[in-house]
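The following note sets out points for a colleague's reading of the model. Each point may be checked against the sequence and structure shown here.

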Amino acid sequence: MSQATETTTAVQEQKKDAWFSPKNRKLITDPIGDNNPITIQILGLCSALAVTTQLKPAIIMAIGVTIVTAFANLIISAMRNTIPNRIRMIVQLVVIAALVVIVDQLLRAFVYDVSKKLSVFIGLIITNCIVMGRLEAFAMANKPWPSFLDGIGNGLGYGAILVIIALLRESLGSGTILGYQIIPQAFYTAGYVNNGLMVTPAASMFIIAIIIWIQRSRNPKLVDIS
Amino acid sequence: MPNTNSNSYTFIYASVMTLVVAVALAAAATGLKPIQQQAIDFDKKRSIISAVHRLEDKKEILKEYSENVKEIVVDAQGNEVQGVKAFDINMKAENKKNPADRKLPVYIYTGAEGKKYIIPMHGAGLWDEIWGYIAIDDDMNTIEGTYFDHKGETPGLGAEITSPWFQDQFHDKKLSEGDQFKLHILKGRHEEKDKFYEVDGISGATITGTGVNNMLEKSFSNYKAYFAKLRTAGGNAGTGAATPTTPADTTATSTPQNAAGNKSGK
């Protein structure tokens, strides 16, 4: 009996292309490395500057963007054949905005504390170029499941860069990580001073530029793409 | 599949989508409203209590609030107003009114250390609104504690006004000298003679600091008449603390009785 069910599911999977086939896995891993939305596509820089003074808001923003990108991709992909071409951007924007507002309302009702700290960032997700970029570039032309994976991948790729920037900025700028002191008091008494530049938005521009530089010089595939 | 590029299809599509999204959002907003209101009310109670002491447990906060906090409303002349619920007053709206027409809530907290008068504040930071509560001892001048919150100040800079290290600095500081508001947030060195009036600012958040300062001053001017009234009417701590001045100034006017009444120990 169990053997029979196993074979039927196996057959179904073969027919449909497996859920996590190598092709689908690549949808997640690609945006984290070689096709990173921030360092390669240069999208979503605005929020990369705004929320990276500390690690905690950066992590939360990354989670928020991942969820919104994934579900907006899923919904738009499911609707893609019905959307009138001339108003497709507006339709995409409405879906993103509706998702973001609903998430914000839910947070406000059930975790008011978190919502108070995040409401600014939640609003920022609507304007994040990555979300709309992925809808336009991927979800409009692909099936829902790959689109969903693509959304998760891009969210994670965005998050990875955000976390790297925030780690550097918080540790060098405030001497803390997630609020915990990491630079011992002895350093300060010996004359060490926190780098004031790191808490200003300009610092993340430098850091992003350095990350892009390192990534492109180490990866020959990327050398001539722009 | 109809022609997705025709005008009529586009119009119908847009209308239907707008309707569906509008209904979904309206349903979400109204459906969640009671739960949100509850969360907001609780947050306000927690904020008020936080000006006196910080509690984490939800039940404890609600118990503390219902048992020890008395809500009253006063007007600009310092007289108590009946028939208005202090908890429902929105300080932002009150501050927009003519000063003489403002209804001002006072939350009187009675704890082990006596009465603390908690008054609300509302002002502007760098990006958006800031607000808070300040608890004052019954000399109507010494600060017991503060609580600040904000809508959109920069994380790591202006948003630090919500952190305990900043709020704790206000403990035992004094609001005013006589009728003159004197407390201020500053950066750099403090002067010893003004140490009761100076609070260390946050580097990188000068404008938020100025906002907090203005908010404190506005709040003080709102309640000035009420404070003066309490000072003159005040029983035990009354006269001594009524002229809260630096030691150098008090020598001229103070009597031994005054000095004894001034329990804040300057």
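1. B:Ile108 stands opposite B:Tyr117 in β4(B). The two strands concerned, β3 (residues 104-111) and β4 (residues 114-124) of chain B, pair in the antiparallel sense over five bridges. Please bear in mind throughout that this is a predicted model.

2. The sheet as a whole. The pairing of β3 with β4 belongs to an open sheet of six strands in chain B, whose order is β2-β1-β3-β4-β5-β6 and whose pairing is antiparallel. The edge positions are taken by β2 (80-81) and β6 of chain B; each has a single partner strand, so one side of each has no neighbour in the sheet.

3. The helix on the sheet. Helix α5 (residues 206-233) of chain B packs on this sheet, where it touches β1, β3, β4, β5 and β6 of chain B. The direction of α5(B) makes about 125° with that of β4(B).

4. Which residues of helix α2 (residues 58-68) of chain B are buried? They are B:Ile61, B:Glu64 and B:Tyr65. These residues lie on the same side of α2(B), because they cover an arc of only 95° around the axis. The buried residues of α2(B) pack against α1 (7-50) and β1 (69-74) of chain B. On the face turned away from the buried side, α2(B) carries the exposed residues B:Lys59, B:Lys63, B:Ser66 and B:Glu67.

5. Positive phi at B:Met140. This residue is not a glycine, yet its phi is positive, at about 60°. B:Met140 is found in the loop between β5 (129-136) and β6 (143-150) of chain B. It counts as buried because it has 23 C-beta neighbours inside 10 Å, the cut-off for burial being 20 or more.

6. B:Asp172 lies in the loop between α4 (164-168) and β7 (176-177) of chain B. Is B:Asp172 buried, exposed or partly exposed? With 15 other C-beta atoms within 10 Å, B:Asp172 is partly exposed.

7. Make-up of chain A. Chain A has ten helices and two strands. From the N terminus on, its elements run α-α-α-α-α-α-α-α-β-β-α-α. Of the 226 residues in chain A, 38% are buried. Among contacts in chain A with a separation of 6 or more, 77% join residues 24 or more positions apart.

8. The largest nonpolar core. This core has 93 residues, and those with the most contacts inside it are A:Val131, A:Leu162, B:Ile118, B:Tyr133 and B:Ala135. Helix α4 (residues 55-79) of chain A gives the most to the core, with eleven residues. Leaving aside neighbours within four places in sequence, A:Leu162 is in contact with A:Ala48, A:Thr52, A:Ala58, A:Met61 and A:Ala62.

9. The interface. How many residues of chain B are in contact with chain A? There are 24, and they meet 21 residues of chain A. On the side of chain B that touches chain A, the residues divide into 15 nonpolar, eight polar and one charged.

Key:
Residues are numbered from 1 along each chain as its sequence is written. Chains are lettered from A and ligands numbered from 1 in the order in which they are written. This is a predicted model: local features need pLDDT of at least 70, side-chain atom pairs count only at pLDDT 80 or more; totals for chains, interfaces and linings use all residues. Helices (H or I, at least four residues) and strands (E, at least two) are DSSP runs, numbered from the N terminus. A residue is buried if 20 or more other C-beta atoms lie within 10 Å of its own, exposed if 12 or fewer, and partly exposed in between; C-beta atoms are placed from the backbone. Two residues are in contact if their C-beta atoms, placed from the backbone, lie within 7 Å. The arc is that of the directions from the helix axis to the C-beta atoms. Ala, Val, Leu, Ile, Met, Phe, Trp, Tyr, Cys and Pro count as nonpolar, Asp, Glu, Lys and Arg as charged, and the others, Gly among them, as polar. A nonpolar core is a set of buried Ala, Val, Leu, Ile, Met, Phe, Trp, Tyr and Cys residues joined through C-beta atoms within 7 Å. Two strands pair if DSSP finds at least two bridges between them. Axes are lines fitted to C-alpha atoms, for helices over the stretch in contact, and angles run from 0 to 180 degrees between N-to-C directions.
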